[in-house]
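Trainee: I would like to go through this model with you, from the overall chain to single residues.
Mentor: Ask in that order, and I will answer in turn.

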Amino acid sequence: MTMTTDTTVDLEIKNQLLDECIRVQTDFVENARIAMEDAQESANESQGAIEDKFESFREACHIQRDMFAKQLDEAIGKLSILKRIVRNKVNDTVTLGSVVRTDAQNYFISVSLGEITVDGEKYFAISPASPVFQAMAEKGKGDTFTFRDKSIKILEVL
């Protein structure tokens with residue numbers, strides 16, 4: 001099977017989107033890990049202090065550490081989803097890994113990361129759990145879907 005130039009360009013856009021999402025998500029993972037370690041370090045430093053005075057501080061540090069640990073777990077989970085997306089697959093219908101261009105805006109079905117710009121074009125990285133994905137799931141080029149009382153036409157699915 002030989003790829004057309006259009007398919008190669010489409011896959012390049014998908015790969016750039018995926019690379020950017022992985023970069024952003026890797027930053028989230030690293031920042032959450034650092035914040036969690038800092039909170040744990042602060043709690044550990046208070047261990048030798050006068051117990052009553054610093055007990056609530058240490059407890060607050062543990063709560064903060066647990067919050068960052070949860071964020072870290074979520075960030076690692078999202079990164080794992082991104083790494084499962086097949087880079088060289090052009091999709092015919094809207095599914096995980098699809099790049100979707102509509103007459104309203106463009107989407108990359110991956111994880112919720114918000115706006116990503118590739119080659120000067122804006123895409124919204126959204127998860128399959130998002131309401132807009134639910135409205136367009138399994139639809140293809142030329143299909144329409146309704147989201148927030150607006151009819152949206154799918155111009156292209158990559």
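The questions and answers below move from the whole chain to selected residues.

Mentor: This is a predicted model, in which local features need pLDDT of at least 70, side-chain atom pairs count only at pLDDT 80 or more, and totals for chains, interfaces and linings use all residues. Residues are numbered from 1 along each chain as its sequence is written, and side-chain values use heavy atoms, with hydrogens and water left out.

Trainee: In what order do the elements of the protein chain run from the N terminus on?
Mentor: Helices (H or I, at least four residues) and strands (E, at least two) are DSSP runs, numbered from the N terminus. The protein chain has 3 helices and 6 strands. Their order is α-α-β-β-β-β-α-β-β.

Trainee: What radius of gyration does the protein chain have, against that of a compact globule of 158 residues?
Mentor: The radius is taken over C-alpha atoms, and the globule rule is 2.2 Å times the number of residues to the power 0.38. Along the principal axes, the C-alpha atoms fill a box of roughly 70 × 40 × 25 Å. A compact globule of 158 residues would come near 15 Å, whereas the protein chain has 21 Å.

Trainee: What share of the 158 residues counts as buried?
Mentor: Buried means under 20% relative accessible area, exposed over 50%, and partly exposed in between (1.4 Å probe, protein chains only). The accessible surface of the protein chain is about 9,300 Å², with 51% of it belonging to carbon and sulfur atoms; such areas come from the Shrake-Rupley method with a 1.4 Å probe, and for residues only the protein chains shown count as cover. The buried share of the residues is 36%.

Trainee: Among contacts between residues at least 6 apart in sequence, what share joins residues at least 24 apart?
Mentor: Contact means heavy atoms within 4.5 Å. In the protein chain, the share of those contacts that join residues at least 24 apart is 55%.

Trainee: Which residue's side chain makes a polar contact with the side chain of Asn91?
Mentor: Asn91 sits in the loop between helix H2 (51-84) and strand E1 (99-102), and its relative accessible area of 3% makes it buried. Beyond four places in sequence, its contacts include Lys14, Val157 and Leu158. A polar contact is a pair of N or O atoms within 3.5 Å; within protein, one must be able to donate a hydrogen and the other to accept it, and residues adjacent in sequence count only if both atoms are side-chain atoms. At 3.2 Å, the partner is Ser98.

Trainee: Is Gln25 buried or exposed?
Mentor: Gln25 belongs to helix H1 (residues 5-45). Not counting residues up to four places away, Gln25 touches Ala75, Lys78, Leu79, Leu82, Val111 and Leu113. With 1% relative accessibility, Gln25 counts as buried.

Trainee: What is the relative accessible area of Ser110?
Mentor: Ser110 is found in the loop between strand E2 (106-109) and strand E3 (114-118). Ser110 is buried, and its relative accessible area is 1%.

Trainee: How does Glu55 count in terms of relative accessibility, and what is the value?
Mentor: Glu55 lies in helix H2. Its C-alpha atom is separated by 9.4 Å from that of Ala43, 12 residues apart along the chain. Glu55 counts as partly exposed, at 35%.

Trainee: What is phi of Arg148, a residue other than glycine?
Mentor: Arg148 is in the loop between strand E5 (144-147) and strand E6 (150-157). It counts as exposed, at 72% relative accessibility. Its phi is positive, near 50 degrees.

Trainee: And what is phi of Asp149?
Mentor: Asp149 is also placed in the loop between E5 and E6. With 80% relative accessibility, Asp149 counts as exposed. Although Asp149 is not a glycine, its phi is positive, at about 60 degrees.
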